[in-house]
Amino acid sequence: MNDAHSHGGLSVAVVGDAFVDILTPIGEEMPKFGGDILARSAIKQLSGGSSCNTASHLASLTKDLGWQVHLFTATGNDSWKRIFEEQSSRSGFILHATCLDDVQTGVCLVLTGTQDRGFVTYNGAMQRFGAQHLDLQQLSKNDHVHFGGLFNIPEFWLSFPGVIRQLKLLNPSLTVSLDTN
């Protein structure tokens, strides 16, 4: 039994995007440039991004089953990265965050109305996160690898097929899934 299975359950790696979401409840009126509107309730900062959300929810749902969930992503070397560390502790996933020194963590301003929402996104570390930041040996020790939020990670667009081929060579029984965003 390899390291990924020493806990007794399935081991799932989630690879992809992680953003700090700043939820801003504004109602139905967008602010005009030069103007100001009041938020309907408190503005919150949360961990977000397709992959971070997937890892968080999967870990929460499977902790009693003995599953081990890993999140492989990237952050900047800034105060935003602690939000993912805190979410990892709350949800129970194991965080593997490559820290990129010369770029900020990705941030998404989420303007929430009563019926819909809009986004203002700074890709930050997601713009540079790529296959070169992954330990394929470590990833291949999992039962399943899920790639998420690839729309936000342009460095993976061309290398993704090669990463899958290499992972399958290292572990032919590995299953893989993909959510582009």
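1. In this predicted model, the contact between helices α1 and α2 involves Cys-52, Ser-56, Ala-59 and Ser-60 on the α1 side, and Phe-84, Gln-87 and Ser-91 on the α2 side. By residue class, the contact of α1 with α2 comprises three nonpolar, four polar and no charged residues.

2. The geometry of this helix pair may be stated as follows. The axes of α1 and α2 (residues 82-91) come within 9 Å and cross at roughly 20 degrees. Angles under 35 degrees count as roughly parallel, and α1 and α2 are therefore roughly parallel to each other.

3. The sheet is open and has five strands, in the order β5-β4-β1-β8-β9, with parallel pairing. Its edge strands, each pairing on one side only, are β5 (94-100) and β9 (175-179). On average, and with direction ignored, neighbouring strands of this sheet are turned by 20 degrees against each other.

4. Strand β4, residues 68-76, is joined to β5 in the parallel sense over seven bridges. Leu-71 stands opposite Leu-95 in β5. In general, strands of a sheet pair through backbone hydrogen bonds, either parallel or antiparallel.

5. Helix α1 (residues 50-62) lies across β1 (11-16), β4, β8 (144-148) and β9, and runs at about 155 degrees to β4. Helix α4 (residues 155-170) lies across β1, β8 and β9, and its direction is at about 175 degrees to β8.

Technical notes:
Residues are numbered from 1 along each chain as its sequence is written. This is a predicted model: local features need pLDDT of at least 70, side-chain atom pairs count only at pLDDT 80 or more; totals for chains, interfaces and linings use all residues. Side-chain values use heavy atoms; hydrogens and water are left out. Two strands pair if DSSP finds at least two bridges between them. Helices (H or I, at least four residues) and strands (E, at least two) are DSSP runs, numbered from the N terminus. Axes are lines fitted to C-alpha atoms, for helices over the stretch in contact, and angles run from 0 to 180 degrees between N-to-C directions. Contact means heavy atoms within 4.5 Å. Angles under 35 degrees count as roughly parallel, over 145 as roughly antiparallel, 65 to 115 as roughly perpendicular and the rest as oblique. Ala, Val, Leu, Ile, Met, Phe, Trp, Tyr, Cys and Pro count as nonpolar, Asp, Glu, Lys and Arg as charged, and the others, Gly among them, as polar.
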